[in-house]
Amino acid sequence: MSRPTFLLDGQPVAFDDGQMILDAARAAGRYIPHLCWHPDFPPHGSCKLCVVKVAGRHVSACATPARAGAEVESDTPEINAERRTLLQLLFVEGNHFCPACEKSGNCQLQAMAYDLEMTTPRFRHFYPDRPVDASHPEVLLDFNRCIYCELCVRASREQDGKSVFALTGRGIHKHLVVNAESGRLADTDFSAADKAADICPVGVILKKRVGFAVPIGERTYDRAPLHELAMPKTEGKG
Amino acid sequence: MTRLAWADTMDETLQRYGRRPEYLLQMLIHLQGAENWLPPAALTALAGALGLPRARVEGVAGFYSFLHTRPVGQYRVLFSDNIIDRMAGSQAMMARLCRNLWLSPGQCSEDGLASVDFTSCTGLGDQGPPLLVNGYAIGRLDDARIDAVCELIRQRRPLAEWPPGLFHVDDNIRRRDALLAAQLRPGQALQAALAIGRAGWMAQMTASRLRGRGGAGFTTAVKWQACRDAPGAEKVVVCNADEGEPGTFKDRVLLNTCADLVFEGMTLAAWAVGAQRGFVYLRGEYRSLLPALEATLARRRAEGWLGRAIGGVAGFDFDIEIHLGAGAYVCGEETALLESLEGKRGTPRIRPPFPVTHGYLGRPTVVNNVETLAKCCLIAVHGGAAFAATGTAQSAGTKLLSVSGDCARPGVYEFPFGVTIGQVLEACGAQDTIAVQVGGAAGITLAPYEFGRRVAFEDVPTAGAFMVFDSSRDMFDVAHNFVRFFAHESCGFCTPCRVGTAMLADTLDKLAEGKGSPADLIEIEDLDRVLKQASHCGLGSAAPNPVLDGLQKFRPAFERRLMHADFSPAFDLDGALRRARQMTGRDDAGAHLPQQAEPPR
């Protein structure tokens with residue numbers, strides 16, 4: 001029996017019943033940008049970078065089930081411009097100084113900005129005051145770069161069984177906190193061996209003493225663009 | 001108050017809510033009653049007692065405006081900040097209170113006695129300007145009442161000893177129709193529905209064509225049927241009494257004058273879908289209604305209209321509990337409401353699945369507005385056909401409107417659907433009207449050429465707000481106020497709403513300061529587009545409405561604020577010296593840069 005298909009930018013993509021647009025596209029070797037989505041977790045739908053246009057509506061590809069015969073627009077000037085605006089909003093919300101950031105070259109936010117040809121932050125910077133937490137012997141937390149994808153929250157809760165991270169506050173004042181009355185990472189049971197320690201797509205959770213072990217210019221996204229590296233390596237084509 | 005007052009309250013809190021994590025928000029509200037804020041050690045202790053990560057408890061405590069993780073005054077005074085309240089003079093009232101008590105907004109007094117701030121619309125637009133003191137509303141503020149409040153605070157009189165007259169809230173019902181004129185005795189509607197059986201009752205609901213009164217207008221019978229058909233034995237009925245849309249207050253009046261109809265409507269819904277548990281999610285601003293509502297529930301239990309074998313029907317068991325909100329407009333969105341009801345941060349869920357299949361704790365759940373539920377009683381007593389006979393083709397029945405602003409008789413008006421804007425304006429005694437905001441901040445701004453349009457789902461839908469502005473008002477101020485409201489109330493989950501509403505508010509601030517340029521209007525339109533299209537829920541996608549309508553219908557009000565330059569930076573050079581001035585205690589001319597920006601207007 002042949003699987004149902006939808007059209008992604010005019011090309012057919014086969015999917016299984018209940019599969020989300022983003023999952024089906026990936027399985028078919030088609031890239032849709034994403035930041036808060038991760039193959040190990042259910043869709044989150046907060047970053048909105050995976051926005052696609054279906055029947056005139058803009059929806060999150062990670063959280064919208066594929067439908068047979070649907071026409072999905074993703075790699076179009078309109079949708080990419082919307083993604084670029086979302087990226088620009090993320091850049092001005094936090095304090096992202098790529099040239100001085102030790103995550104430069106390994107950062108998905110930066111790599112996506114290159115991918116989507118974002119050339120300026122465009123908006124006024126918010127310059128929030130977000131002190132770093134260097135209390136932990138192995139790991140530094142630099143909240144200035146948080147994009148609230150909640151991957152560390154989810155990984156710590158679901159994979160490490162620790163719930164070291166959570167979000168508090170609301171709106172533009174939302175922020176990441178750790179599971180300690182002192183508010184210091186050193187007072188939690190966090191360890192550099194945790195799954196959550198390696199999941200941050202940007203430069204919030206940084207292992208100490210290895211920041212420049214790989215020189216800038218030879219890092220992950222220096223070698224290949226995000227839209228290639230974000231794709232599964234071994235999965236069959238759909 | 002001792003230093004560890006919260007510790008004395010902890011056991012009682014845990015006992016009262018059975019240590020169940022889904023009652024976390026209720027426990028935090030209760031616990032905060034001890035000291036007016038939630039000290040860090042209290043959060044740690046509560047997390048420990050519930051076996052929850054502390055960070056999760058902190059996450060919830062930090063989400064709600066009425067929960068405080070830093071000390072606030074023994075008297076916490078919040079001025080309602082809807083545009084209607086501003087028009088009624090709320091800012092002058094706040095300034096007077098601050099002057100009397102030697103306070104500045106947002107800061108706690110040195111002696112910890114009082115703190116003052118703004119809050120989103122408290123639902124007293126017909127009798128403002130209003131404030132909340134420790135959660136209890138005082139309306140119709142004037143100089144004398146502000147001075148009285150200040151004196152009571154200075155004397156440190158407990159709230160219970162304040163003159164009850166201060167807290168009197170009027171219903172201001174100006175026009176009664178089918179619902180407000182109904183004289184049903186408790187149980188009458190239930191008896192009628194029970195008499196025709198479950199299927200018969202659902203058939204009447206279908207025939208009534210009743211649609212949700214919360215704004216979205218989903219057909220109630222379809223929602224009930226979907227919940228009833230959903231797999232899962234434990235079904236839930238939720239009454240959405242989180243009436244947070246700026247300018248609405250009709251649910252407050254309904255809950256105050258005909259709570260029986262609301263509870264009976266919930267019971268009718270339970271009968272239809274087979275639910276055993278019911279919740280009323282009551283916005284924190286309305287907590288003064290709580291004792292009377294609890295008393296009504298108790299009476300209905302005693303009368304046999306709640307509890308086991310309701311109306312003598314074996315197996316029809318249903319009861320209702322009331323949960324309080326804590327200052328979060330987004331919880332009016334039904335999936336955010338369910339999250340909040342489960343004791344979590346009020347973040348809207350991804351849909352599908354919808355609440356009718358996966359609602360409260362994953363159970364099939366119907367969420368209905370207060371007014372929708374009350375109307376079900378009319379359908380049960382008079383039949384679906386009679387209900388459908390009034391209103392318009394696509395909007396059966398009547399609609400309660402909360403009328404406020406520039407008119408002679410603000411209050412609640414019940415009109416059949418199809419009433420024109422002009423007819424409502426005439427009824428409320430509005431003159432020289434230049435605009436009406438229908439449906440609240442998330443609704444639509446109507447200009448005079450549209451006053452022939454009708455209140456109906458197919459024309460001008462509304463959750464009930466009807467704010468009137470006369471020619472003395474500046475429609476830029478209205479849009480500015482609403483945009484700031486959305487920025488304050490954004491849950492912060494998705495990028496477009498979290499950053500976009502804040503950016504939009506900042507840009508309108510810039511215009512308000514007279515520093516806008518045509519480039520800003522282009523920026524505003526682009527932000528509007530991203531908000532509308534990419535937001536996770538209705539809050540973000542509605543946030544640009546006031547600005548879009550404003551730019552389209554009242555553009556001169558925006559353009560008047562532009563400098564005659566193509567671009568001007570938002571960066572305020574003189575403003576950057578503010579801190580230095582503060583530190584040096586200087587505010588003379590020499591400590592300021594010469595102003596180059598043109599003043600507004």
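Author: A nonpolar core is a set of buried Ala, Val, Leu, Ile, Met, Phe, Trp, Tyr and Cys residues joined through C-beta atoms within 7 Å. A residue is buried if 20 or more other C-beta atoms lie within 10 Å of its own, exposed if 12 or fewer, and partly exposed in between, with C-beta atoms placed from the backbone. The structure is a predicted model, in which local features need pLDDT of at least 70 and side-chain atom pairs count only at pLDDT 80 or more, while totals for chains, interfaces and linings use all residues. Residues are numbered from 1 along each chain as its sequence is written, and chains are lettered from A and ligands numbered from 1 in the order in which they are written.

Reader: Which residues touch the most other members of the largest nonpolar core?

Author: That core holds 251 residues, and those touching the most other members are Leu28(B), Val238(B), Cys239(B), Val262(B), Leu268(B), Ala269(B) and Val483(B). Helix α12 (259-273) of chain B gives the most to this core, 11 residues; helices (H or I, at least four residues) and strands (E, at least two) are DSSP runs numbered from the N terminus. Leaving aside residues up to four places away in sequence, Leu268(B) touches Ala189(B), Leu190(B), Ala193(B), Cys376(B), Cys377(B) and Ala380(B); contact requires C-beta atoms, placed from the backbone, within 7 Å.

Reader: How do you know whether the radius of gyration of chain A agrees with that of a compact globule?

Author: The radius is taken over C-alpha atoms, and the globule rule is 2.2 Å times the number of residues to the power 0.38. For 238 residues a compact globule would come near 18 Å, and chain A has 19 Å, so the two agree. The C-alpha trace of chain A spans about 55 × 40 × 40 Å along its principal axes, and 45% of its 238 residues are buried. Chain A has 6 helices and 9 strands.

Reader: What makes β8 and β9 of chain B edge strands?

Author: They belong to an open sheet of 4 strands with parallel pairing, in the order β8-β7-β6-β9 (chain B). Because β8 (319-324) and β9 (365-369) of chain B each have a single partner strand, one side of each is left without a neighbour in the sheet. The twist averages 20° from one strand to the next.

Reader: How is Arg19(B) classed, and what count makes it so?

Author: With 14 other C-beta atoms within 10 Å, Arg19(B) is partly exposed. Arg19(B) also has a positive phi of about 55° although it is not a glycine, and its place is the loop between α1 (5-16) and α2 (24-35) of chain B.

Reader: How many residues of chain A are in contact with chain B?

Author: The contact involves 31 residues of chain A and 33 residues of chain B. Elements giving two or more residues to the chain A side are α2 (77-93), β7 (165-168) and β8 (175-178) of chain A; α2(A) supplies the largest share, 6 residues. Strands β7(A) and β8(A) pair in the antiparallel sense over 4 bridges, and Thr168(A) has His175(A) as its bridge partner in β8(A).

Definitions and conventions. Pairing = 2+ DSSP bridges. Axes fitted to C-alpha atoms, helices over the stretch in contact; angles between N-to-C directions. Contact = placed C-beta atoms within 7 Å.
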